[in-house]
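Subject: Structure for you to look at

Hi,

Here is the structure I promised to pass on. Please open it alongside this note, and my findings follow below.

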Amino acid sequence: MKSRFPKIVQIAIISVYLIFLAGSIVRMTGSGMGCPDWPKCFGYYIPPTSEEQISWKPNTEFKKGFIIIKDEVLFVAESDVKTSSEFNKNNWKNYTKHDYAKFNKYHTWTEYINRLASVLSGFVFLFLIYGAAKFWKTKKIIPLLSFAAFFLMLFEAWLGKTVVDTNLKPTIITIHMVVGLVIIALLLQLKFIISDEKKVFKYNSIFNKLLLFSVIFSLIQIAMGTQVRQFIDEQVKLFGFENKEYSLMNPSFKFYFHRSFTIAIVLVNFGMFYLNQIKNLGYKLVNWIVFLIFLETITGILMYYAEFPLGTQAIHLLSGAILFGLQFYLWLQSRSVKNIQQ
């Protein structure tokens, strides 16, 4: 298991990024409330594929917890029930967590696939902590980091439920995103510790300081981006998903901060790129960071000026998460060089 552990760590990192991708597609398509309950979906382990399945019907059996739509209201079965010819409200209670009663099979299954990605990642993390336990006697930092990442994944699952229960509350969504980034950071630190790569880098104090700023700036920018996205979601509720041209009508200060803060991020990271080139520091990850910043900027411009072309939101969010990961891993490399030289 020890020999396979580096591969498990890599798979764990990929699985978390797949969750980011699935989550970004959920937001892009407006499918965040495709399932009104959690962890089931309308009370089913496998979601319904048509509204008929969740509509009240006479002489039909419904299991406890099943959610139905009746007269444009959501009801949940308080126990196993078989309906008669008339609707008996005593067998049902209003599902009051949300004030809507809509069914869209595409939104429902998009949200469900997002949840499946999280479940699959959970199994990967079980293998992760099992493999990490083998290092307890030789290198305790490995199981400690692994267990921390695992418990944060459990916390993420609870946050996912809270996101649904609070009808996409902005603060919870932001925390949900930031915790995901913390998990990425823990896994990358784990990867760095067990890596047997022998690469030679040069230490530069200015580069190291800029790198630390770049990590912090990216974290702030991503957190602010979730708030901007929530503003867009609210606009979509008002004008409809098909009227995306109104998504950024009269934007708040958070949008302008998010947009203008990009300038600081570009300057810091291009400063790193410049130092890496002229000082020949040897950090190849800087090139990928510059590429991702370019991709982030282009998709941001397209979303604002071209009314959110298909896929740009998913690319924007995923590239931002990958950017943070690369910056954090680069910081680990730079810090290790400093420790060696000292």
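A residue is called buried when its relative accessible area is under 20%, exposed when over 50%, and partly exposed in between, with a 1.4 Å probe and protein chains only. At 35% relative accessibility, Leu 302 therefore counts as partly exposed. Leu 302 lies in helix H7, and its C-alpha atom is separated by 9.5 Å from that of Gln 313, 11 residues apart along the chain.

Some background on the source. This is a predicted model, where local features need pLDDT of at least 70 and side-chain atom pairs count only at pLDDT 80 or more, while totals for chains, interfaces and linings use all residues. Residues are numbered from 1 along each chain as its sequence is written, and side-chain values use heavy atoms, leaving out hydrogens and water.

Now the chain as a whole. There are 8 helices and 5 strands, taken as DSSP runs (H or I with at least four residues for helices, E with at least two for strands) and numbered from the N terminus. Along the sequence, the pattern reads α-β-β-β-β-β-α-α-α-α-α-α-α. Of the 342 residues, 48% are buried. Taking contacts (heavy atoms within 4.5 Å) between residues at least 6 apart in sequence, 70% join residues at least 24 apart. The chain exposes about 18,300 Å² (Shrake-Rupley method, 1.4 Å probe), with carbon and sulfur atoms supplying 64% of that area.

Two helix pairs are worth a look. Axes here are lines fitted to C-alpha atoms over the stretch in contact, and angles run from 0 to 180 degrees between N-to-C directions.

Helix H1 (residues 5–29) and helix H2 (residues 105–132) have axes that come within 9 Å and cross at roughly 165°. That makes H1 roughly antiparallel to H2, a label for angles over 145 degrees. Their crossing is left-handed, meaning that the near helix is turned anticlockwise from the far one by less than a right angle. The residues of this contact divide into 16 nonpolar, 9 polar and 1 charged.

Helix H6 (residues 253–278) packs against helix H7 (residues 285–305) at an angle of about 155°, with the axes 10 Å apart. H6 and H7 are therefore roughly antiparallel to each other, and H6 passes H7 in a left-handed crossing. Residues of H6 including Phe 255, Ile 265 and Phe 273 take part in the contact, as do residues of H7 including Val 286, Ile 293 and Tyr 304. This contact divides into 11 nonpolar, 6 polar and 1 charged residues.

Best wishes

Methods: Parallel < 35°, antiparallel > 145°, perpendicular 65-115°, else oblique. Nonpolar A, V, L, I, M, F, W, Y, C, P; charged D, E, K, R; others polar.
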